[in-house]
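Hello,

Here is the structure I promised to pass on to you. Please have a look at it first, and then read my notes below.

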Amino acid sequence: MVLVLGLTCLLCSAVLGGAYVLTKEPIAAAAAQKTSRAIAQVLPSFEKASERDFVQVYGKDFPYYAAFDAQGKLVGYAIESSVVGFGGPLTLMVGITFQRVVCNTSVLSHSETPGLGAKCSADPKFTSQWQGFDPSVKKLTVTKDGGDVDAITASTITSRAYALAVENALAAFDELLKEKEVSHE
Amino acid sequence: MSKFKLITDGLVRNNPTFVLLLGMCPTLATTTSAVNGLSMGLATLFVLVLSNMAISAIAPVVPDKVHIPVYIVVIATFVTLLQLLMQAYTPSVYETLGLFIPLIVVNCIVLGRAEAFASKHGVLDSALDGIGVGLGFTLSLTVLGLVREVLGSGSVFGWNFIGGNDGMLAFVMAPGAFLCLGYLMVLFNKFVKKS
(Lines give C-alpha, C1' and ligand atoms only; values in the text may rest on other atoms or scores of the structure.)
Protein backbone atom coordinates (compact mmCIF):
# COMPACT_ATOMS: atom_id res chain seq x y z
CA MET A 1 0.00 0.00 0.00
CA VAL A 2 2.68 2.45 1.07
CA LEU A 3 4.88 1.21 -1.73
CA VAL A 4 2.26 1.80 -4.43
CA LEU A 5 1.36 5.24 -3.14
CA GLY A 6 5.02 6.18 -2.77
CA LEU A 7 5.93 4.93 -6.22
CA THR A 8 2.99 6.72 -7.83
CA CYS A 9 3.96 9.99 -6.19
CA LEU A 10 7.60 9.54 -7.13
CA LEU A 11 6.78 8.82 -10.75
CA CYS A 12 4.32 11.70 -11.00
CA SER A 13 6.70 14.21 -9.48
CA ALA A 14 9.45 13.05 -11.83
CA VAL A 15 7.15 13.60 -14.83
CA LEU A 16 6.12 17.04 -13.59
CA GLY A 17 9.68 18.03 -12.79
CA GLY A 18 10.70 17.14 -16.33
CA ALA A 19 7.76 18.99 -17.83
CA TYR A 20 8.50 22.04 -15.72
CA VAL A 21 12.09 22.20 -16.92
CA LEU A 22 11.04 21.73 -20.54
CA THR A 23 8.29 24.36 -20.50
CA LYS A 24 10.08 26.90 -18.31
CA GLU A 25 11.69 28.71 -21.22
CA PRO A 26 8.67 28.86 -23.55
CA ILE A 27 6.53 30.14 -20.66
CA ALA A 28 9.01 32.88 -19.81
CA ALA A 29 9.31 33.74 -23.50
CA ALA A 30 5.53 33.94 -23.90
CA ALA A 31 5.26 36.25 -20.89
CA ALA A 32 8.12 38.45 -22.08
CA GLN A 33 6.62 38.64 -25.55
CA LYS A 34 3.29 39.68 -24.10
CA THR A 35 4.94 42.45 -22.10
CA SER A 36 7.00 43.77 -24.97
CA ARG A 37 3.96 43.72 -27.23
CA ALA A 38 2.02 45.72 -24.63
CA ILE A 39 4.84 48.26 -24.35
CA ALA A 40 5.04 48.64 -28.11
CA GLN A 41 1.31 49.13 -28.24
CA VAL A 42 1.11 51.92 -25.66
CA LEU A 43 4.11 54.04 -26.70
CA PRO A 44 5.10 55.75 -29.95
CA SER A 45 7.80 53.92 -31.88
CA PHE A 46 11.01 53.57 -29.93
CA GLU A 47 14.32 51.83 -30.36
CA LYS A 48 14.96 50.20 -27.03
CA ALA A 49 13.04 49.57 -23.82
CA SER A 50 14.71 49.27 -20.44
CA GLU A 51 14.40 46.30 -18.16
CA ARG A 52 11.50 46.14 -15.73
CA ASP A 53 12.10 48.52 -12.83
CA PHE A 54 10.01 49.82 -9.95
CA VAL A 55 8.96 53.25 -8.76
CA GLN A 56 7.23 53.82 -5.45
CA VAL A 57 4.16 56.05 -5.14
CA TYR A 58 1.56 56.02 -2.37
CA GLY A 59 3.60 53.26 -0.72
CA LYS A 60 2.99 50.97 -3.69
CA ASP A 61 5.49 49.70 -6.20
CA PHE A 62 4.69 50.44 -9.84
CA PRO A 63 6.62 48.37 -12.38
CA TYR A 64 7.73 50.47 -15.34
CA TYR A 65 9.76 50.31 -18.51
CA ALA A 66 11.54 53.33 -19.96
CA ALA A 67 11.63 53.59 -23.74
CA PHE A 68 14.40 55.37 -25.69
CA ASP A 69 14.79 56.32 -29.33
CA ALA A 70 17.82 55.61 -31.50
CA GLN A 71 19.68 58.64 -30.10
CA GLY A 72 19.14 57.40 -26.56
CA LYS A 73 16.58 60.11 -25.84
CA LEU A 74 13.66 59.25 -23.60
CA VAL A 75 10.45 58.61 -25.57
CA GLY A 76 8.27 57.85 -22.60
CA TYR A 77 7.46 55.41 -19.87
CA ALA A 78 5.23 52.35 -19.98
CA ILE A 79 3.86 51.93 -16.48
CA GLU A 80 1.96 48.95 -15.13
CA SER A 81 -0.87 50.12 -12.95
CA SER A 82 -3.16 47.83 -10.98
CA VAL A 83 -6.41 48.78 -9.27
CA VAL A 84 -9.46 46.94 -7.98
CA GLY A 85 -12.10 46.79 -10.70
CA PHE A 86 -15.63 45.44 -10.51
CA GLY A 87 -14.77 41.75 -10.50
CA GLY A 88 -11.21 41.77 -9.19
CA PRO A 89 -7.85 43.27 -10.01
CA LEU A 90 -7.62 45.31 -13.20
CA THR A 91 -4.08 45.73 -14.49
CA LEU A 92 -3.21 48.18 -17.23
CA MET A 93 -0.11 49.10 -19.15
CA VAL A 94 -0.18 52.86 -19.52
CA GLY A 95 2.16 54.55 -21.98
CA ILE A 96 3.00 58.14 -21.11
CA THR A 97 5.19 60.25 -23.38
CA PHE A 98 7.74 62.67 -21.97
CA GLN A 99 5.28 65.55 -22.59
CA ARG A 100 3.06 63.92 -19.92
CA VAL A 101 0.42 62.86 -22.43
CA VAL A 102 -1.10 59.39 -22.30
CA CYS A 103 -0.11 57.81 -25.60
CA ASN A 104 -2.22 54.67 -25.28
CA THR A 105 -3.32 52.09 -22.76
CA SER A 106 -3.60 48.35 -22.84
CA VAL A 107 -5.29 45.92 -20.48
CA LEU A 108 -2.86 43.30 -19.18
CA SER A 109 -5.35 41.37 -17.11
CA HIS A 110 -8.86 41.85 -15.80
CA SER A 111 -11.75 39.91 -14.31
CA GLU A 112 -14.60 42.20 -15.32
CA THR A 113 -18.05 40.98 -16.35
CA PRO A 114 -18.06 39.48 -19.85
CA GLY A 115 -20.09 41.66 -22.20
CA LEU A 116 -20.07 44.64 -19.82
CA GLY A 117 -16.90 45.67 -18.01
CA ALA A 118 -14.81 43.31 -20.12
CA LYS A 119 -15.36 45.71 -23.02
CA CYS A 120 -12.70 47.92 -21.42
CA SER A 121 -10.07 45.78 -23.15
CA ALA A 122 -11.64 45.55 -26.59
CA ASP A 123 -14.38 48.07 -27.33
CA PRO A 124 -12.77 50.77 -29.53
CA LYS A 125 -15.36 53.30 -28.35
CA PHE A 126 -13.82 53.13 -24.91
CA THR A 127 -10.20 52.28 -25.64
CA SER A 128 -9.62 54.86 -28.40
CA GLN A 129 -10.30 57.80 -26.10
CA TRP A 130 -7.04 57.05 -24.28
CA GLN A 131 -4.94 57.64 -27.37
CA GLY A 132 -3.41 61.03 -26.82
CA PHE A 133 -5.36 61.70 -23.65
CA ASP A 134 -3.87 64.91 -22.26
CA PRO A 135 -4.53 65.20 -18.51
CA SER A 136 -3.70 68.93 -18.57
CA VAL A 137 -6.67 69.55 -20.90
CA LYS A 138 -9.09 66.79 -20.02
CA LYS A 139 -10.33 65.77 -16.61
CA LEU A 140 -9.53 62.21 -15.67
CA THR A 141 -12.88 61.06 -14.27
CA VAL A 142 -15.93 59.62 -15.96
CA THR A 143 -18.54 62.05 -17.34
CA LYS A 144 -20.97 61.02 -14.62
CA ASP A 145 -18.50 62.41 -12.07
CA GLY A 146 -17.95 65.58 -14.08
CA GLY A 147 -14.88 64.43 -16.00
CA ASP A 148 -14.04 63.78 -19.64
CA VAL A 149 -13.83 60.00 -19.72
CA ASP A 150 -16.68 58.34 -21.60
CA ALA A 151 -17.67 55.38 -19.47
CA ILE A 152 -18.68 52.02 -20.91
CA THR A 153 -22.47 51.70 -20.88
CA ALA A 154 -23.65 50.00 -17.68
CA SER A 155 -20.07 49.61 -16.43
CA THR A 156 -19.38 52.79 -14.53
CA ILE A 157 -17.42 50.99 -11.82
CA THR A 158 -15.07 49.42 -14.33
CA SER A 159 -14.66 52.74 -16.13
CA ARG A 160 -13.93 54.54 -12.86
CA ALA A 161 -11.36 51.92 -11.94
CA TYR A 162 -9.79 52.32 -15.38
CA ALA A 163 -9.55 56.08 -14.96
CA LEU A 164 -8.06 55.62 -11.51
CA ALA A 165 -5.46 53.22 -12.88
CA VAL A 166 -4.45 55.81 -15.48
CA GLU A 167 -4.33 58.49 -12.80
CA ASN A 168 -2.08 56.32 -10.63
CA ALA A 169 0.16 55.72 -13.60
CA LEU A 170 0.43 59.48 -14.08
CA ALA A 171 1.39 59.86 -10.42
CA ALA A 172 4.05 57.21 -10.91
CA PHE A 173 5.21 59.10 -14.00
CA ASP A 174 5.58 62.34 -12.00
CA GLU A 175 7.59 60.46 -9.41
CA LEU A 176 9.85 59.08 -12.14
CA LEU A 177 10.47 62.55 -13.56
CA LYS A 178 11.30 63.84 -10.09
CA GLU A 179 13.79 61.03 -9.56
CA LYS A 180 15.31 61.74 -12.94
CA GLU A 181 15.82 65.42 -12.16
CA VAL A 182 17.44 64.56 -8.85
CA SER A 183 19.88 62.21 -10.53
CA HIS A 184 20.75 64.86 -13.14
CA GLU A 185 21.76 67.48 -10.61
CA MET B 1 -19.72 -4.08 -25.74
CA SER B 2 -18.58 -2.96 -29.16
CA LYS B 3 -15.76 -0.45 -29.41
CA PHE B 4 -17.95 1.94 -31.32
CA LYS B 5 -20.65 1.85 -28.70
CA LEU B 6 -18.10 2.84 -26.06
CA ILE B 7 -17.68 6.16 -27.84
CA THR B 8 -21.32 6.85 -28.67
CA ASP B 9 -22.31 5.97 -25.12
CA GLY B 10 -20.31 8.87 -23.79
CA LEU B 11 -21.80 11.15 -26.41
CA VAL B 12 -25.46 10.35 -25.89
CA ARG B 13 -26.60 7.78 -23.34
CA ASN B 14 -24.04 8.82 -20.72
CA ASN B 15 -23.55 12.39 -21.85
CA PRO B 16 -21.72 13.88 -18.86
CA THR B 17 -23.41 17.27 -19.03
CA PHE B 18 -26.97 16.67 -20.12
CA VAL B 19 -27.57 13.22 -18.66
CA LEU B 20 -25.15 12.57 -15.80
CA LEU B 21 -25.01 16.24 -14.72
CA LEU B 22 -21.36 15.97 -13.80
CA GLY B 23 -18.78 18.75 -13.90
CA MET B 24 -21.35 21.52 -13.68
CA CYS B 25 -18.92 24.10 -12.34
CA PRO B 26 -16.71 24.41 -15.45
CA THR B 27 -19.80 23.87 -17.62
CA LEU B 28 -21.54 26.93 -16.26
CA ALA B 29 -18.51 29.10 -15.76
CA THR B 30 -16.47 28.71 -18.94
CA THR B 31 -19.18 28.66 -21.61
CA THR B 32 -19.44 32.40 -22.15
CA SER B 33 -18.56 31.78 -25.80
CA ALA B 34 -18.40 28.81 -28.14
CA VAL B 35 -14.61 29.00 -28.36
CA ASN B 36 -14.24 29.00 -24.57
CA GLY B 37 -16.57 26.03 -24.24
CA LEU B 38 -14.70 24.17 -26.96
CA SER B 39 -11.28 24.78 -25.41
CA MET B 40 -12.48 23.75 -21.96
CA GLY B 41 -14.01 20.60 -23.45
CA LEU B 42 -10.83 19.71 -25.30
CA ALA B 43 -8.70 20.31 -22.20
CA THR B 44 -10.91 17.94 -20.24
CA LEU B 45 -10.86 15.42 -23.10
CA PHE B 46 -7.06 15.41 -23.02
CA VAL B 47 -6.93 14.77 -19.28
CA LEU B 48 -9.75 12.23 -19.40
CA VAL B 49 -8.17 10.04 -22.08
CA LEU B 50 -4.70 10.04 -20.51
CA SER B 51 -5.88 9.53 -16.95
CA ASN B 52 -8.26 6.76 -18.01
CA MET B 53 -5.44 4.96 -19.77
CA ALA B 54 -2.95 5.39 -16.93
CA ILE B 55 -5.45 4.35 -14.30
CA SER B 56 -6.66 1.27 -16.13
CA ALA B 57 -3.01 0.24 -16.51
CA ILE B 58 -2.15 0.60 -12.84
CA ALA B 59 -5.52 -0.36 -11.32
CA PRO B 60 -4.72 -4.08 -10.82
CA VAL B 61 -1.76 -3.30 -8.56
CA VAL B 62 -3.34 -0.48 -6.56
CA PRO B 63 -4.68 -1.66 -3.19
CA ASP B 64 -8.31 -0.69 -2.53
CA LYS B 65 -7.46 1.39 0.54
CA VAL B 66 -5.38 3.93 -1.36
CA HIS B 67 -7.02 3.88 -4.76
CA ILE B 68 -8.61 7.33 -4.47
CA PRO B 69 -5.37 9.12 -3.50
CA VAL B 70 -3.48 7.30 -6.24
CA TYR B 71 -6.09 8.22 -8.87
CA ILE B 72 -6.13 11.84 -7.77
CA VAL B 73 -2.34 12.05 -7.95
CA VAL B 74 -2.40 10.60 -11.47
CA ILE B 75 -5.16 12.99 -12.58
CA ALA B 76 -3.45 15.97 -10.97
CA THR B 77 -0.24 15.11 -12.78
CA PHE B 78 -1.93 15.19 -16.17
CA VAL B 79 -3.76 18.39 -15.35
CA THR B 80 -0.56 20.11 -14.28
CA LEU B 81 1.14 18.83 -17.40
CA LEU B 82 -1.65 20.31 -19.50
CA GLN B 83 -1.47 23.57 -17.58
CA LEU B 84 2.26 23.93 -18.21
CA LEU B 85 1.87 23.10 -21.89
CA MET B 86 -0.97 25.57 -22.36
CA GLN B 87 0.92 28.28 -20.52
CA ALA B 88 3.88 27.72 -22.80
CA TYR B 89 2.25 27.27 -26.19
CA THR B 90 -1.28 28.74 -26.06
CA PRO B 91 -0.99 31.59 -23.52
CA SER B 92 -4.13 33.35 -24.74
CA VAL B 93 -6.36 30.31 -24.25
CA TYR B 94 -4.72 29.71 -20.91
CA GLU B 95 -5.60 33.22 -19.83
CA THR B 96 -9.28 32.87 -20.70
CA LEU B 97 -9.70 29.54 -18.95
CA GLY B 98 -7.28 30.40 -16.16
CA LEU B 99 -8.50 28.98 -12.90
CA PHE B 100 -10.65 26.31 -14.51
CA ILE B 101 -7.71 24.38 -15.88
CA PRO B 102 -6.33 23.41 -12.44
CA LEU B 103 -9.92 22.74 -11.36
CA ILE B 104 -10.14 19.86 -13.88
CA VAL B 105 -8.45 17.86 -11.12
CA VAL B 106 -11.63 17.88 -9.09
CA ASN B 107 -13.96 17.57 -12.07
CA CYS B 108 -16.29 14.72 -11.12
CA ILE B 109 -16.29 13.41 -14.69
CA VAL B 110 -12.61 12.55 -14.59
CA LEU B 111 -12.61 10.80 -11.23
CA GLY B 112 -16.04 9.33 -12.01
CA ARG B 113 -14.81 7.64 -15.19
CA ALA B 114 -11.67 6.44 -13.38
CA GLU B 115 -13.76 4.84 -10.64
CA ALA B 116 -16.66 3.55 -12.68
CA PHE B 117 -14.91 2.49 -15.85
CA ALA B 118 -11.14 2.66 -16.13
CA SER B 119 -10.41 0.72 -12.95
CA LYS B 120 -12.42 -2.24 -14.25
CA HIS B 121 -11.54 -2.29 -17.95
CA GLY B 122 -8.53 -2.61 -20.23
CA VAL B 123 -6.36 0.25 -21.47
CA LEU B 124 -7.87 0.39 -24.97
CA ASP B 125 -11.48 0.32 -23.76
CA SER B 126 -10.68 2.98 -21.18
CA ALA B 127 -9.10 5.19 -23.80
CA LEU B 128 -12.19 4.86 -26.00
CA ASP B 129 -14.43 5.59 -23.03
CA GLY B 130 -12.34 8.66 -22.28
CA ILE B 131 -12.66 9.81 -25.89
CA GLY B 132 -16.43 9.23 -25.85
CA VAL B 133 -17.14 10.99 -22.60
CA GLY B 134 -14.62 13.73 -23.40
CA LEU B 135 -16.24 14.35 -26.77
CA GLY B 136 -19.65 14.36 -25.12
CA PHE B 137 -18.43 16.98 -22.70
CA THR B 138 -16.78 19.00 -25.46
CA LEU B 139 -19.87 18.88 -27.62
CA SER B 140 -22.19 19.90 -24.78
CA LEU B 141 -19.94 22.77 -23.74
CA THR B 142 -19.56 24.01 -27.31
CA VAL B 143 -23.31 23.93 -27.91
CA LEU B 144 -24.00 25.65 -24.61
CA GLY B 145 -21.30 28.22 -25.33
CA LEU B 146 -22.65 28.75 -28.83
CA VAL B 147 -26.21 29.33 -27.63
CA ARG B 148 -25.04 31.75 -24.96
CA GLU B 149 -22.78 33.55 -27.40
CA VAL B 150 -25.52 33.91 -30.02
CA LEU B 151 -28.03 35.24 -27.51
CA GLY B 152 -25.64 37.14 -25.30
CA SER B 153 -23.17 38.76 -27.67
CA GLY B 154 -24.81 38.22 -31.05
CA SER B 155 -21.87 36.39 -32.52
CA VAL B 156 -20.87 32.90 -33.61
CA PHE B 157 -17.36 31.68 -32.74
CA GLY B 158 -16.32 35.29 -32.32
CA TRP B 159 -17.87 36.39 -35.65
CA ASN B 160 -20.38 39.14 -34.92
CA PHE B 161 -23.58 39.07 -36.96
CA ILE B 162 -25.71 41.81 -35.47
CA GLY B 163 -23.24 44.68 -35.73
CA GLY B 164 -22.49 46.68 -32.62
CA ASN B 165 -22.10 44.56 -29.53
CA ASP B 166 -25.32 44.68 -27.63
CA GLY B 167 -26.72 41.20 -27.23
CA MET B 168 -28.84 40.03 -24.34
CA LEU B 169 -26.14 40.34 -21.76
CA ALA B 170 -27.86 38.20 -19.17
CA PHE B 171 -27.01 35.14 -21.26
CA VAL B 172 -23.30 35.79 -20.95
CA MET B 173 -23.59 36.01 -17.20
CA ALA B 174 -24.36 33.31 -14.64
CA PRO B 175 -28.20 33.38 -14.74
CA GLY B 176 -28.14 32.89 -18.49
CA ALA B 177 -25.85 29.91 -18.04
CA PHE B 178 -28.37 28.17 -15.82
CA LEU B 179 -31.28 29.02 -18.11
CA CYS B 180 -29.58 27.79 -21.27
CA LEU B 181 -28.30 24.65 -19.58
CA GLY B 182 -31.78 23.85 -18.31
CA TYR B 183 -33.47 24.27 -21.66
CA LEU B 184 -30.75 22.40 -23.53
CA MET B 185 -31.08 19.56 -21.04
CA VAL B 186 -34.82 19.35 -21.64
CA LEU B 187 -34.35 19.33 -25.41
CA PHE B 188 -31.55 16.78 -25.23
CA ASN B 189 -33.48 14.36 -23.07
CA LYS B 190 -36.63 14.76 -25.11
CA PHE B 191 -35.18 14.32 -28.59
CA VAL B 192 -31.66 12.95 -28.59
CA LYS B 193 -31.60 10.50 -25.73
CA LYS B 194 -34.87 8.81 -26.66
CA SER B 195 -33.98 7.92 -30.21
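To begin with a term: contact means heavy atoms within 4.5 Å. By that rule, 25 residues of chain B are in contact with 22 residues of chain A. Together the two chains bury about 1900 Å², 81% of it on carbon and sulfur atoms; buried area here is the accessible area (1.4 Å probe) that two parts lose on being put together, summed over both. The count of salt bridges between chain B and chain A is 0, where a salt bridge is a side-chain nitrogen of Lys or Arg within 4 Å of a carboxyl oxygen of Asp or Glu.

Some background before the details. This is a predicted model, in which local features need pLDDT of at least 70 and side-chain atom pairs count only at pLDDT 80 or more, while totals for chains, interfaces and linings use all residues. Residues are numbered from 1 along each chain as its sequence is written, chains are lettered from A and ligands numbered from 1 in the order in which they are written, and side-chain values use heavy atoms, with hydrogens and water left out.

**Strands in chain A**

Helices (H or I, at least four residues) and strands (E, at least two) are DSSP runs, numbered from the N terminus. Two strands pair if DSSP finds at least two bridges between them.

On one side, strand 5 runs antiparallel to strand 4 (residues 74–84) of chain A, joined by 9 bridges, and A:Ile79 stands opposite A:Val94. These two strands form a hairpin with 4 residues between them, and A:Gly88 in the turn has a positive phi of about 150 degrees.

Strand 5 of chain A is also antiparallel to strand 6 (residues 102–109), with 6 bridges; here A:Leu92 has A:Val107 as its bridge partner.

**Helix 3 in chain B**

Helix 3 (residues 34–58) of chain B includes B:Val35, which is partly exposed at a relative accessible area of 41%. B:Ser56 is in helix 3 as well, but is buried, with 7% relative accessibility. Not counting residues up to four places away in sequence, B:Ser56 touches B:Ala118, B:His121, B:Gly122, B:Val123 and B:Ser126.

Happy reading!

Methods. Buried means under 20% relative accessible area, exposed over 50%, partly exposed in between (1.4 Å probe, protein chains only).
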